[in-house]
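Work through the exercises below with the structure in view, trying each task before reading its solution.

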Amino acid sequence: MNELLLKDAHEIRELLSAHTVSAVELLSAHIDHIEVVNKQVNAIITTCFDEAMDRAKAIDEIDGEAGLLTGIPIPHKDLVATKNLRTTYGSTLFREHVPTTNDYIIDRIQRAGAITIGKTNVPEFGAGSHTFNRVFGPTKNPYNLERTCGGSSGGAAVALAMRMAVIADGSDLGGSLRNPASFCNVIGFRPTNNVLPPSLAGDHSRNLSSLGPMARNVDSVSLLFDVLRTDQPTPVSPRLEPISLEGLRIAFTEDFGGLPVVPEIRTVVRDVAAKLEDAGARVEEEAPDLAGARDIFQTLRGVSFRNRYDAFNPREKTELKPTILWNVALGLAIDDEDLRRTEIERTALRDRVETFFKRYDLLVGPTTQVLPFPIPIDWIREIEGVQMNTYIDWMESCSWVTTTECPALSMPAGFADGLPVGVQLISKRASDSRLLRIAKSIESVVSSAAVLPEILCGD
């Protein structure tokens, strides 16, 4: 494998800036690698290599001020509208859909100089943390090709793990950045709620969905985050200055107050807590009171699905998978009184979490409640003897955190039965930059991101 593919985003920027490597060389290395390995995992489902090469050649001919991402190849999640590039949302209804405009984050990424190379696979309309659809089929976990990669940013996570990309964009409602990051041994960062809303238009007061960056190390995540959060990022984005773990007040939880979690993941969380204590942090087993999180999430998600999909006509609705139709029906049953009560509960939960973070700098917990499961299983029905009533119940370790509106990052933290396990790092609202700096320190203590999938480790 070309050594360029093993470097992080800052290393690549330095090589490009010094003209040690050209944009064409870098892109060619990625294309060659994608054409060999993507067929094994089905992560990148639409490509635009010819257009990307034209862009790379143009970049090499310009000796001007570079953007933060100039010359870096990037695939975009297939839920995000990308001008002149097929964007299907994982739905048969949009099998040949080609947008005429960009989503705002695509504009920001391209203005920063990145080279769009294609689209990454998603579940149908991003619904569910398991990446499969009737347009492109399933995306496979690089660490076990018979297992799920998670979702909904599953194709993005696999592209990173397989070294087909160094950065990727994703999105997260109930865990869609964090879950696939955990399952694929990479990093997914969900910022503070509405720092990166799903669009720049409309009223986002009830929004729980967030766009966000993914990468293999914290510095690369931070670099892409700098681009995503503003139309005018600073010309230079240096590597993060880590915050020392010495004396940091860290709470950890195996289950966020009673969620079923498999023993293998509990063990990893405890191991991480022990390593952080050994590194000088003040570590206690504690969790905020997240009472009401399930109802808050289900209600606001239901309203979101009602607003997005009930407008489809009867024929179009026959093309929606049953879990989406269930979520629409749930939304249709929600009235103004339900929403009023939910907003009261949401405010109370947010206030309790604010109080919790007056005592702690960081909360560490499991990203997922289960290990990556076999691809034919559409969603988990039972965890440790506890029945899951809906297709999203098995991911409440992420969706409950969503309702806090706090920034959360999934960090690669080890393996169980050969499968990746991530832990969530969570801090108070609007502390995104500080969380990333803490995460960089934790990365040096616990991260397993350097472990390659065996299918990349040829003789």
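**Exercise 1: the sheet**

Strand β7 (residues 187–190) and strand β14 (residues 408–416) pair in the antiparallel sense over 3 bridges, where strands are DSSP runs (E, at least two residues) and helices are runs of H or I with at least four, numbered from the N terminus, and where two strands pair if DSSP finds at least two bridges between them. The model is a predicted one, in which local features need pLDDT of at least 70 and side-chain atom pairs count only at pLDDT 80 or more, while totals for chains, interfaces and linings use all residues. Residues are numbered from 1 along each chain as its sequence is written, and side-chain values use heavy atoms, with hydrogens and water left out.

Solution. Step two widens the view: the open sheet has 8 strands with mixed pairing, in the order β6-β8-β7-β14-β15-β11-β9-β10. At the edges stand β6 (167–172) and β10 (282–285), each with a single partner strand, so one side of each is left without a neighbour in the sheet.

**Exercise 2: the pocket**

Task: find which helix or strand supplies the largest share of the lining of the largest pocket.

Solution. The share is largest for α9, with 9 residues, and α9 spans 293–309. Among the elements that each supply at least two lining residues is also β6.

**Exercise 3: contacts of a leucine**

Task: find which residues leucine 69 is in contact with, leaving aside its neighbours within four places in sequence.

Solution. With contact meaning heavy atoms within 4.5 Å, the partners of leucine 69 include Ile109, Ile167 and Val227.
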